[in-house]
Amino acid sequence: MYTIYLVDDEANLNKMLVTYLEQEGYNVRSFADGISAQEAIPDQPDLWVLDIMLPDLDGFQLLKQIKAVNANTPTIFISARDEDIDKIIGLEMGSDDYIAKPFLPRELVIRVKKLIDRVYGSKSNEHIEYGEYTIYPDKRLIKHGDEEIDLTSKEFDLLLLFLEYPGSALSREQILEGVWGNDYFGSDRVVDDLVRRVRKKLHRLELETLYGIGYRLVRP
């Protein structure tokens, strides 16, 4: 899973872009200002999406520091100023792409995917075999023979979590964190409901209940 760091001080747009990118299977961390993003530069994510106009450090300053750590890190600039000079400066400094606001979130998703494929190589054909199932994590697709099985986003996330730890016992708390994240507040019974739905759709998935603990995916 690729990690994307997004920097934009427009709260609503920031939240919307994070949602769209996460729906495509990316791990996204967002920032609302340049200083907090600057502190995260040593993390070296797979891609940066930078707003040029920020309340403190601007995107150009951030790009310079990002490239100083790793000159090969791909970046995309976004800006409310549709000026050729901004685009030229950004590209000359090493930015890989530029999007002028306003834009559709889907446009950013497409550009991110194309840039990641170009820099890291397309992984769209990589798959995981589990018994009679073929899972394509990048496409978020699962097939049983030639039949495509429709899973919701959370159902697919749960499947990928179990496939990452085949044969291992996962507690409800671990599943909550792995599928819903640290910000979820509520009953862990949502895990049982999600497991039930996955079992119903994937009859040949050997998913064991470990009473008092959680669940375990049996190795095929």
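This is a predicted model: local features need pLDDT of at least 70, side-chain atom pairs count only at pLDDT 80 or more; totals for chains, interfaces and linings use all residues.

Residues are numbered from 1 along each chain as its sequence is written, and side-chain values use heavy atoms, with hydrogens and water left out. Helices (H or I, at least four residues) and strands (E, at least two) are DSSP runs numbered from the N terminus; contact means heavy atoms within 4.5 Å.

Helix H5 (residues 105-120) has 16 residues and spans 22 Å from first to last C-alpha, close to the 22 Å expected (1.5 Å times one less than its number of residues). Its residues divide by accessibility (1.4 Å probe, protein chains only) as tabulated.

| Class in H5 | Residues |
|---|---|
| Buried (under 20% relative accessible area) | Pro 105, Leu 108, Val 109, Val 112, Leu 115, Ile 116 |
| Exposed (over 50%), on the face turned away from the buried side | Lys 114, Arg 118 |

The buried residues of H5 line one face, because they fall within an arc of 135 degrees seen down the axis (directions from the helix axis to the C-beta atoms). Just after H5, Gly 121 has a positive phi of about 90 degrees.

An open sheet has four strands in the order E6-E7-E8-E9, paired antiparallel (at least two DSSP bridges per pair). Strand E6 (128-130) and strand E9 (147-149) are its edges. Four bridges join E7 (residues 133-136) to E8 (residues 141-144), and Thr 134 stands opposite Lys 143 in E8.
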